[in-house]
Amino acid sequence: MSSVTGPETAVNEFIDEIRPCFDYTLVVTACCACMFTLLIVLLGFSTKESRRRMVFQLNVFAICVALTLGILTGVTSGKAVVDPFNQVSTSVYVASIVFALYPPLLYDSILLTRLFALYPVTSTPSLTLVKIFAFPFCVKCARVVVLTLFLDDYVKSGFTTQALVQNQEATWYRNPKIIAEWTMQIADNLYSVSFFLHNLRIRTSLIQRAVGNVSERIRQIFYISAANFVFPLIFNIAQIIFITTDQSPYTGAILLLINNYVTVIGVIFATLWFSGSEWVRSHKEFLADDMFSLSSNPRKVDGADRKSEDEIIVIGRRPVTLDAADFACSGGDGSRATGDISKRV
């Protein structure tokens, strides 16, 4: 009986040892599949004009970073499952940790660019810009410092990959630097989202004449912006709870990976929604041009479409003609929503 129990115990111990790495591989595989699909849809709905915008390029870069995280995590965890006695090099293992900890700074910075829709650089006084962006800039610098100190301590705790893996529990449990990073991330997101939504409400209250299409789009911008904060907030709170109560980093690492991809998805949805609106508008204009070439009364054809696409709103002191899809830039790109208004007056 003991001869049977011995092999069973060894197999069970082996399964328990590789289970976390196997779960990490499953999580990043599913999330990377979502990222790749979103990348294809984002590129498919984009137009030449939208692809020139910096926020679109940043979103594509964010997807590439998330895919790189998935590849590094998959290679590191997959190697531990297939060949646990010959793991990846230390540099690859440390790179996977870097791509898990630092990218949220990039994602939060992309969300912060929404404020430029309300405060364009070309028309906002420098002092006002400093007052608005001083706090998030200082918080992000503090987050970089805290993460760098944590990574330096962790790398010095072992010179091999196996030593770093064994030191995970001691480094993870109630680490003040990681707790401070996630707390500052909550404060950073809370400031940017609340400031944006508050000013969006103030600006939209100045609308004196608009049809329902603009109001509906403003409501959608509000929901997207709120979702970009609520879901990462839930994961950040859960991460803080597990790092302070659970000595094993297994659950916290799963939440950290999922939170990275949830944040990227929230960032992309705003741009994807705007790109879809612009793609529909560009195809409408293409069809309108075809009808214009076949119609003997081009004024009538053009006027019928313009009436439904443009609305008259008041932002600031004077009314402007604004395309409803342009106002969606508040969730994806601010340069067109405000900076280009003067070109349409």
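1. Buried here means under 20% relative accessible area, exposed means over 50%, and partly exposed lies in between (1.4 Å probe, protein chains only). By that cut-off, buried residues make up 43% of the 345 residues in the chain.

2. This is a predicted model, in which local features need pLDDT of at least 70, side-chain atom pairs count only at pLDDT 80 or more, and totals for chains, interfaces and linings use all residues. Residues are numbered from 1 along each chain as its sequence is written, and side-chain values use heavy atoms, with hydrogens and water left out.

3. The chain has 17 helices and two strands; these are DSSP runs numbered from the N terminus (helices H or I, at least four residues; strands E, at least two). Of the contacts (heavy atoms within 4.5 Å) in the chain with a separation of 6 or more, 78% come from residues 24 or more positions apart.

4. Which helix does α3 (residues 54-82) cross at roughly 140 degrees? The partner is α4 (residues 90-101), and the two axes come within 9 Å. Axes are lines fitted to C-alpha atoms, for helices over the stretch in contact, and angles run from 0 to 180 degrees between N-to-C directions.

5. On the α3 side of this pair, V65, T68, L69, L72, T73 and T76 take part, and they meet V92, Y93, A95, S96, F99 and A100 of α4. By class, the contact of α3 with α4 has eight nonpolar, four polar and no charged residues. Ala, Val, Leu, Ile, Met, Phe, Trp, Tyr, Cys and Pro count as nonpolar, Asp, Glu, Lys and Arg as charged, and the others, Gly among them, as polar.

6. S192 is in helix α10 (residues 176-204). Is S192 buried or exposed? S192 counts as buried because its relative accessibility is 4%. Its side chain reaches the backbone oxygen of N189 at 3.2 Å. Not counting residues up to four places away in sequence, S192 touches L112 and L115.

7. A33 belongs to helix α1 (residues 2-45). With a relative accessibility of 44%, A33 counts as partly exposed. The C-alpha atoms of A33 and L67 are separated by 8.9 Å, and these residues are 34 residues apart along the chain.

8. R174 lies in the loop between α9 (168-172) and α10. Its phi is near 55 degrees, a positive value in a residue other than glycine. Most residues other than glycine have a negative phi. R174 counts as exposed because its relative accessibility is 51%.

How values were computed:
A polar contact is a pair of N or O atoms within 3.5 Å; within protein, one must be able to donate a hydrogen and the other to accept it, and residues adjacent in sequence count only if both atoms are side-chain atoms.
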